[in-house]
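I am opening a notebook on this structure and will write down what I looked up, one topic at a time.

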Amino acid sequence: MGGRATADHDDPNQEYIESIEHQLRLRDDNDPNMDEDGVRSVLQENQGRFDGQLIGFAANDFGQPRVFLPDGISDQNTALQAIVDAIHEEKWRARNSALRDVRDQTFSDVQGVHQCLCAVLQDDGSADYDIDYPSNASYNFTTIREVIGLVDWMANADEQWLDGNRLTY
């Protein structure tokens, strides 16, 4: 990928390739660690604001996707699948300011989180989440594919990929 000429800014494909090259340079030059205890702390602090179970998805673009579930959640797979299903059904849904606040706090308080999605699993098994269109850059997701990729990976990956990526708080 290296060695390409500067993008002709009228060519979005070339600009995209250069943005990937830049991300790869950042990954090579920076510490890949996410402050997992920091994410846990934000979720613990905010859990009481919700009538369901607060679940946080956090990704570090240097290869560290994580999901943080409350201790004692009865069935992690079912909980995560409810969130996947809700996102598939509605895609962009920015209407839960409390979840947005938790996400914003995660970005401001925790080192090494580049993408974050907070969700609540309700007692009836349904899920709520908050994600705005990509025009709202504060969400740090460019496409719904990125959102579903993170959530689906944490919900449905083989055990070898989940080891250490599903965490509790």
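Entry one, strand pairing. In this predicted model, I looked up how strand β1 (residues 53–60) sits against β2 (residues 64–69), and I found that the two pair in the antiparallel sense over five bridges. For one bridge I noted the residues by name: Phe57 has Val67 of β2 as its partner. I then turned to strand β5 (residues 166–168), which pairs with β2 in the parallel sense over three bridges.

Entry two, the cover on β2. I asked how many of the six residues of β2 are buried. I found that six of six are, and I put the strand down as mostly covered. I kept in mind that side chains in a regular strand alternate between the two faces of the sheet. I therefore listed β2 by side, with Gln64, Arg66 and Phe68 on one and Pro65, Val67 and Leu69 on the other, and noted that both faces are covered, because each of these residues is buried, that is, under 20% relative accessible area.

I searched for cavities of 30 Å³ or more and found one, with about 30 Å³ of space in the largest cavity. Its lining is made up of Val39, Leu43, Gly56, Phe57, Ala58, Phe68, Thr106, Cys116 and Cys118. The elements that give two or more residues to this lining are α2 (36–46), β1 and β3 (115–121), and the largest share, three residues, comes from β1. Sorting the lining by class, I counted seven nonpolar residues, two polar and no charged ones.

I noted that the structure holds eight salt bridges, and I followed some of them. Asp37 forms one with Arg40, the closest N and O atoms being 3.1 Å apart; both residues lie in helix α2, three residues apart, which is about one turn of the helix. Asp37 is exposed, at a relative accessible area of 54%.

Is Arg93 buried or exposed? I recorded it as buried, because its relative accessible area is 6%. Its side chain meets that of Glu90 in a salt bridge (2.8 Å, N to O), and Glu90 counts as partly exposed at 31% relative accessibility. Arg93 also forms a salt bridge with Asp128, with the closest N and O atoms 3.3 Å apart. This pair links distant parts of the chain, 35 residues apart, with Arg93 in the loop between α3 (76–90) and α4 (97–109) and Asp128 in strand β4 (residues 127–129). Asp128 is buried, with a relative accessible area of 17%.

How values were computed: Residues are numbered from 1 along each chain as its sequence is written. This is a predicted model: local features need pLDDT of at least 70, side-chain atom pairs count only at pLDDT 80 or more; totals for chains, interfaces and linings use all residues. Side-chain values use heavy atoms; hydrogens and water are left out. Buried means under 20% relative accessible area, exposed over 50%, partly exposed in between (1.4 Å probe, protein chains only). Helices (H or I, at least four residues) and strands (E, at least two) are DSSP runs, numbered from the N terminus. Two strands pair if DSSP finds at least two bridges between them. On a 1 Å grid over the protein atoms alone, a cavity is a set of points where a 1.4 Å probe fits but cannot get out, and a pocket is an open set with protein on both sides within 12 Å along at least five of seven lines; lining residues have an atom within 4 Å of a point. Grid points are joined across faces, edges and corners, and a volume is the space filled by probe spheres set on the points. Ala, Val, Leu, Ile, Met, Phe, Trp, Tyr, Cys and Pro count as nonpolar, Asp, Glu, Lys and Arg as charged, and the others, Gly among them, as polar. A salt bridge is a side-chain nitrogen of Lys or Arg within 4 Å of a carboxyl oxygen of Asp or Glu.
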